[in-house]
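Here is a briefing on one protein chain. Look over the sequence and the model first, then read the notes by topic.

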Amino acid sequence: QVKILSDLLSTASNKRLVMVYPGTCTIQGFSNQPGYYLSAAIGGMLSLFEPHRPKNGIALAGIDTIETSNLGFFSEDQIDDLIRAGYFVLVQDTAGAAPYCVHQVTTAYRNYATTQEFSELSVVNNFDFVSRTFKNSLTPYVGTWNVTKQALSSVSTTLDSTALNLKSKAVDTIGAPLISMSVSTLRVSPTDAGSLEVSNKL
């Protein structure tokens with residue numbers, strides 16, 4: 001079964017694709033419910049916690065049992081094999097205990113196990129969060145400003161302010177979503193006089 005499951009993900013390697021295992025669960029006494037209930041629980045966890053908080057070991061309330069995981073079904077080594085294949089595996093310490101994730105991997109883990117920016121869910125979440133925050137900070141300029149010296153100065157100030165805001169969101173044990181940032185390039189595009197080129201050094 002481990003080989004069959006692993007083969008199912010052999011062509012899936014996407015840092016934003018999370019394949020949850022197991023595929024069935026028991027919720028509020030109703031057995032053999034589809035695994036998308038587990039996916040929904042994980043979605044709730046992602047919305048609740050900071051994007052850069054590791055998702056390992058966080059208990060998911062409301063799920064009674066996951067029968068086809070680690071308790072009398074797969075061994076620890078087999079669970080590890082599923083993780084290496086790219087599965088976000090949930091386990092239980094005891095029957096009836098809230099399940100939790102062993103290792104917060106995306107399906108890219110199969111090919112990029114040593115590259116956290118592709119394979120670790122919280123790192124991908126945080127990258128996207130920081131990127132969206134910077135993008136949203138510059139949205140007010142789009143279509144309302146011309147490319148002038150004042151625009152360059154204002155954009156630079158906005159980027160610095162956004163970076164300071166992200167660096168201030170420190171939380172105990174996990175720190176802030178952004179540690180450092182400096183604007184390395186801010187210039188008029190050499191190919192489009194109506195656009196700016198911006199690159200940051202994180």
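Pro 22 sits in the loop between S1 and strand S2 (24–27). A cis peptide bond links Tyr 21 to Pro 22, with omega at about 10°. The model is a predicted one.

**Backbone geometry**

- Most residues other than glycine have a negative phi, and most peptide bonds are trans.
- The Tyr 21–Pro 22 bond is cis.
- Asn 32 is not a glycine, yet has a positive phi of about 55°.
- Asn 32 belongs to strand S3 (residues 30–34). Its relative accessible area is 58%, so Asn 32 is exposed, given that exposed means over 50%.
- Thr 173 is another residue other than glycine with a positive phi, near 75°.
- Thr 173 lies in the loop between H7 and strand S6 (182–188). With a relative accessible area of 78%, Thr 173 is exposed.

**Nonpolar cores**

- In soluble globular proteins, nonpolar side chains tend to be buried together.
- The largest nonpolar core here has 15 residues. Tyr 21, Phe 74, Leu 82, Tyr 87 and Val 89 have the most contacts inside it.
- Helix H1 (2–8), helix H3 (76–85) and strand S4 (87–91) each supply at least two residues of this core.
- H3 gives the largest share of this core, 4 residues.
- A second, separate core has 14 residues. Among them are Leu 38, Met 45, Ile 58 and Ile 66.
- Which residues does Leu 82 contact, leaving aside its neighbours within four places in sequence? They are Val 2, Leu 5, Tyr 21, Phe 74, Tyr 87 and Val 89.

**Aromatic pairs and a charge over a ring**

- The count of aromatic pairs comes to 6.
- Tyr 21 and Phe 74 form a tilted pair. Their rings are 6.0 Å apart centre to centre, with 40° between the planes.
- Why does this pair tie together parts that are 53 residues apart in sequence? Tyr 21 lies in strand S1 (residues 19–21), while Phe 74 lies in the loop between helix H2 (36–48) and H3, so the pair joins those parts.
- Tyr 21 and Phe 74 are both buried.
- Tyr 36 and Tyr 37 also pair. Their ring centres are 5.3 Å apart and their planes are at 35°, so this pair is tilted.
- Is Tyr 36 buried or exposed? Its relative accessible area is 57%, so Tyr 36 is exposed.
- Tyr 37 has a relative accessible area of 38%, so Tyr 37 is partly exposed.
- One aromatic cluster is formed by Tyr 21, Phe 73, Phe 74 and Tyr 87.
- Lys 15 has its charged end over the ring of Phe 127, 5.4 Å from the ring centre.

**Largest pocket**

- Rolling a probe the size of a water molecule over the atoms shows where empty space is left.
- The largest pocket holds about 450 Å³ of space.
- Its lining has 17 residues. Asn 126, Phe 127, Val 130, Pro 177 and Leu 202 lie nearest the pocket centre.
- Helix H5 (116–119) and helix H6 (121–138) are the elements that give two or more residues to this lining.
- H6 provides the largest share of the lining, 7 residues.

- Thr 133 is in helix H6. At 19% relative accessibility, Thr 133 counts as buried, because buried means under 20%.
- Not counting residues up to four places away in sequence, Thr 133 touches Thr 162 and Leu 166.
- Thr 133 and Asp 80 are 53 residues apart in sequence. In space they are 35 Å apart, C-alpha to C-alpha.
- Ser 156 is in helix H7 (residues 149–168). Its relative accessible area is 24%, so Ser 156 is partly exposed.
- Ser 156 and Leu 17 are 139 residues apart in sequence and 34 Å apart in space, C-alpha to C-alpha.

Terms used. Residues numbered from 1 in each chain as written. Predicted model: local features only at pLDDT ≥ 70, side-chain atom pairs only at ≥ 80, totals over all residues. Heavy atoms only, no water. Core = buried A, V, L, I, M, F, W, Y, C linked by side-chain atoms within 4.5 Å. Buried < 20%, exposed > 50% of the residue type's maximum accessible area, 1.4 Å probe, protein only. Contact = heavy atoms within 4.5 Å. Phe/Tyr/Trp six-rings, centres within 6.5 Å; stacked < 30°, edge-to-face > 60°. Lys NZ or Arg CZ within 6 Å of the ring centre and 35° of its normal. 1 Å grid on protein atoms, 1.4 Å probe; cavity = no way out; pocket = protein on both sides within 12 Å on 5 of 7 lines; lining within 4 Å. Points joined across faces, edges and corners; volume = space filled by probe spheres on them.
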